[in-house]
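Hi everyone, and thanks for making time for this. I'd like to walk you through a structure that may be new to you, so please have a look at it with me.

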Amino acid sequence: ADEEAGRLELVGSAAVGRQAPLTAALIPAATANVALAVLTFGWLSGLSLPVAGSAALALSIGGCGLVFAGVAAVAAQLSVTARGARGIAIGALGAAFVLRAVGDSGSAGLSWLSWVSPLGWVELTRAYGTAGERWWVLTLPLAASTVLVVAAFLLAAWRDHSTGLLSDRPGRATARGLLRGPFGLAWRLQWPVLAAWLTACVVAFAAFGAGANGISSIMSGSRALRRYLLKVGYQATFADAYLSALMLIAGLAAAVYATSAVLRLRTEETGNLAEPVLSAATGRIRWALSHISVAVAGACLLLASAGASAGFGYGLLTGSVSTQLPKLLGAAVARLPAAMMLPAVAVLLFGLLPWESTALAWTAAALSGIIAVFGPPLQWASWIMDISPFTHAPKLPGGPLPLQPLMWLCGVELMIGTVGLVALRRRDVGDLGPSLPVGAVRDRIVAYAREDYGPSRQAPAHDTARPPT
């Protein structure tokens, strides 16, 4: 992204090596995975679990993260654009998930696929296994990450700056009629990301739904896990609690996507891409609504696909597809008002506090998810639980469907979204915030020029003919 925006060219003009940007990107990625491994080991050990198993699980998780850091580093060298690099990296993650799912399905002759996937290596270390841990499996993510990082450095030294090894396809000579308005443009910009989310939801929730058939036998071996699932799902039976918790995850996924789609407005503004749209016969409200409509429609599609996939996967194994599919589809759609609260907050922040909107919006999303997932089993206070909109969502399937909380959620969302749009209409568009004070930068440049070429200082002999800057 820095290379595409031209920032690496400015950094590279100083005394900085060619491999410095890639090194600077890999250092925090590696540090984050090491910190995650340390925290995971400390947390598992604090639960009085065996030290050897905790170490094996923590190291395998950290190693898996290092592998995909290497994948992203290679993708950044292959693609011309940041979006293409993200697509390659996320596609590799999806392929790893599918390979592990097929390998773990128990099909004859396909179990070897789990050894191909870095996600499968986490399980194949056999943490807490009765026969002991497979420590040698940890060499696989270490070797894979090393090979990928070395390949990324070689590709970075070989390719040209601001280009990728995969050539960028030229666009159409003439634009389609869809691009004549802001809504068509917003859809054109955001549909690849939505397509990736839809594919992941269909595959993941179909697999998760199929796992609900044997949840009772799985839960019978762990009293703590059984108690956690019943509290998160707010149900009395294991199957309903598992499916209710699954729909909670679907709601969180839809909220995260919708928040990212709304924050695309801030990306367009900071990238100076909003001004060409607003210079035409397009108002600010209409421009904002174009991306908000994609966020709402995408969240609806994600929830519908998650509920239908989970219902199909669960019903296919139980022989009741006609019953479970509409049941879980309704349970997923019932989470829509709660999921829409987070993008509404993002709209409010984008209108009122554009400089801090991205950080605050993702903080709100993370806080809501943490409260929804960890609040019930830890029995947090009711006022803390009420902060998350998912606390007020119906606990389906198996629970009642109260309409009053849903109406309150919709009303609050409309109110704060309207306030955000009104604030957007009144503020400056294109202001990048206090981090880039244009006036201060201009005054400093003028001061430097006067200091170098002012009357108090004599210019060097070879610059005598050079006029003042």
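Let me begin with one word: a residue is called buried when its relative accessible area is under 20%. By that rule, 37% of the 469 residues in the protein chain are buried. Please keep in mind that this is a predicted model.

So what is the chain built from, helices or strands? It has 22 helices and 0 strands. Now think of contacts between residues at least 6 apart in sequence: 68% of these join residues at least 24 apart.

Thr139 belongs to helix α8, which covers residues 139-158. Ser60 is 79 residues away from Thr139 along the chain, and the C-alpha atoms of the two are separated by 9.5 Å.

Next, the empty space. Rolling a probe the size of a water molecule over the atoms shows where such space is left.

Let's take the second largest pocket, which holds about 900 Å³ of space. Its lining counts 35 residues, and Glu3, Leu8, Pro21, Ala76 and Gln77 are the closest to its centre. Which helices supply at least two lining residues each? They are α1 (2-5), α2 (7-12), α3 (20-46), α4 (51-78) and α5 (82-103). The biggest share of this pocket's lining comes from α3, with 7 residues. Sorted by class, the lining of this pocket has 21 nonpolar, 8 polar and 6 charged residues.

Now for some backbone details. As background, most residues other than glycine have a negative phi, and most peptide bonds are trans.

Where do we find positive phi values in residues that are not glycine? One of them is Arg126, with a phi of about 55 degrees. Arg126 is in the loop between α7 (118-124) and α8. With a relative accessible area of 41%, Arg126 is partly exposed. Another is Asn272, where phi is near 60 degrees. Asn272 sits in the loop between α13 (264-270) and α14 (274-278), and its relative accessible area of 46% makes it partly exposed.

Then there is a cis peptide bond, which joins Leu396 and Pro397 with omega at about 0 degrees. You can find Pro397 in the loop between α20 (382-385) and α21 (404-426).

Let me finish with the rings. How many aromatic pairs does a search of the whole structure find? The search finds 4. And if you zoom in on Phe350, you will see Arg427 over the face of its ring, at 4.8 Å from the ring centre.

Methods:
Residues numbered from 1 in each chain as written. Predicted model: local features only at pLDDT ≥ 70, side-chain atom pairs only at ≥ 80, totals over all residues. Heavy atoms only, no water. Phe/Tyr/Trp six-rings, centres within 6.5 Å; stacked < 30°, edge-to-face > 60°. Lys NZ or Arg CZ within 6 Å of the ring centre and 35° of its normal. 1 Å grid on protein atoms, 1.4 Å probe; cavity = no way out; pocket = protein on both sides within 12 Å on 5 of 7 lines; lining within 4 Å. Points joined across faces, edges and corners; volume = space filled by probe spheres on them. Helix = DSSP H or I, 4+ residues; strand = E, 2+ residues; numbered from the N terminus. Nonpolar A, V, L, I, M, F, W, Y, C, P; charged D, E, K, R; others polar. Buried < 20%, exposed > 50% of the residue type's maximum accessible area, 1.4 Å probe, protein only. Contact = heavy atoms within 4.5 Å.
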